[in-house]
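Colleague: I would like a close look at a single part of this model. Please set it against the whole chain.

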Amino acid sequence: MRTVKATAAAVTVALAAGAASVAAGRFASDAALKAPPGRPLPTEPRLTVHATAAGQIALTRDLAALRPGTYGLAGDGTHAVVGPVLAHATHSADTVVRRLERVTHGTLEPGDKVWLTPNLYVGNPRDSLGLDHTDVHIPGELGTLPAWFVPGARSTWVIAVHGLGTTRELTMNVMEFLHRQRFPVLALAYRGDPGAPRSPDGLNHLGETEWRDLDAAIRHAVGNGAQRVVLLGWSTGATMAMRATAHSGLRDRVSGLILDSPVLSWATTLRALAAARRTPGALLPLAVRAAQGRTGMEGDRSAAAAAEPSVPTLVIHGPDDTLAPWQFSRSLAEGRPNLVALHTVRRAPHAAMWNADPQGYEEALRRFLTPLM
């Protein structure tokens, strides 16, 4: 009898431990599968505002606060734009002073918690950039998808799609440049974004199913006069672009790909997000398996292997991206040197290559797009 009871107790403990592990795996996978657009990813540290002065802001001293370039500075109800670090400004040992370009809305007070974001602009192209645009509504698989259309003279359109932790406002970083090159630009909001339908399970699929919304945008572009399209994607938006180029019924109209910080291994990115939530290393494989079970995504293989580019491709990425390892992008370019070019940006976080070096970024775009005009 004692043996039976001991066995039953051991089974109960094992089942409880198994259930706890499953729950922990689901919680860890939420870092990627439930990442809300426009909110900071777990990898982005919160910074404290210490002081503001004319054209200056003092922030918590952190590697993030020392990044080169220009960024949005977001908080709850606040958005501002900060420029480079002011190395000669007076500051304490635990702060960093950056140039404060403008406060878009809200106020910045000492003690406020903020984070850096690649979204430099908020609102819409007309209010933020002075560019005339049309709000368009694209029929998608799950419902109507909102998008901005900025007209241009060329018959090749650029369709721009954001990725993890951002919104279509990110596309405005390069919209003025593309407008100067006379490209029509279609900036898409897809499933899970504000104003767009939710996915049936309410989860992000890291581009694995969202690409169908980009496919709908391609159909819209071709149906409204585009002879060719160039797909520009950031992060999981880059994954969507690769998927659409491989699987869209109109893939013959895609003449080029621009992939900024592409997520080429969703499992690696999911592990990084889960680890940033302080998930113990032993539970990270459970997070990957939980994500597979919840979304039906394929195993841990790169999107590059699943959908290698078949058109001229520019990859813009850097070795300091902790979410989507640069090594995958480098391997992609080395494997297809006649088709894929890699523009490397150093000291830039995920999906913020333009922020770190706007001039170099736009020059790389110009050189790539010129033959496709």
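Modeller: Here is the site around one arginine, then one threonine, then the chain as a whole.

This is a predicted model: local features need pLDDT of at least 70, side-chain atom pairs count only at pLDDT 80 or more, and totals for chains, interfaces and linings use all residues. Residues are numbered from 1 along each chain as its sequence is written, and side-chain values use heavy atoms, without hydrogens or water.

Start with Arg67. Arg67 sits in the loop between β2 (56–60) and β3 (71–75). Strands are DSSP runs of E, at least two residues; helices are runs of H or I, at least four; both are numbered from the N terminus. Arg67 counts as buried because its relative accessibility is 13%; buried means under 20% relative accessible area, exposed over 50%, partly exposed in between, with a 1.4 Å probe and protein chains only.

Beyond neighbours within four places in sequence, Arg67 is in contact with Glu44, Arg98, Leu116 and Pro349. Contact here means heavy atoms within 4.5 Å. Glu44 also takes part in a polar contact: its side chain and that of Arg67 come to 3.0 Å. A polar contact is a pair of N or O atoms within 3.5 Å; within protein, one must be able to donate a hydrogen and the other to accept it, and residues adjacent in sequence count only if both atoms are side-chain atoms. Arg336 is another matter: Arg67 and Arg336 are 31 Å apart, C-alpha to C-alpha, and 269 residues apart in sequence.

Now Thr245. Helix α5 (residues 236–247) holds Thr245. Thr245 is buried because its relative accessible area is 5%. The Thr245 side chain reaches the backbone oxygen of Ala241 at 2.8 Å. Leaving out residues up to four places away in sequence, Thr245 touches Leu231, Arg251, Val254, Leu257, Ser310 and Val311.

Step back to the chain. It has 11 helices and 14 strands. Of its 373 residues, 54% count as buried. Among contacts between residues at least 6 apart in sequence, 74% join residues at least 24 apart. Along the principal axes, the C-alpha atoms fill a box of roughly 85 × 60 × 40 Å.
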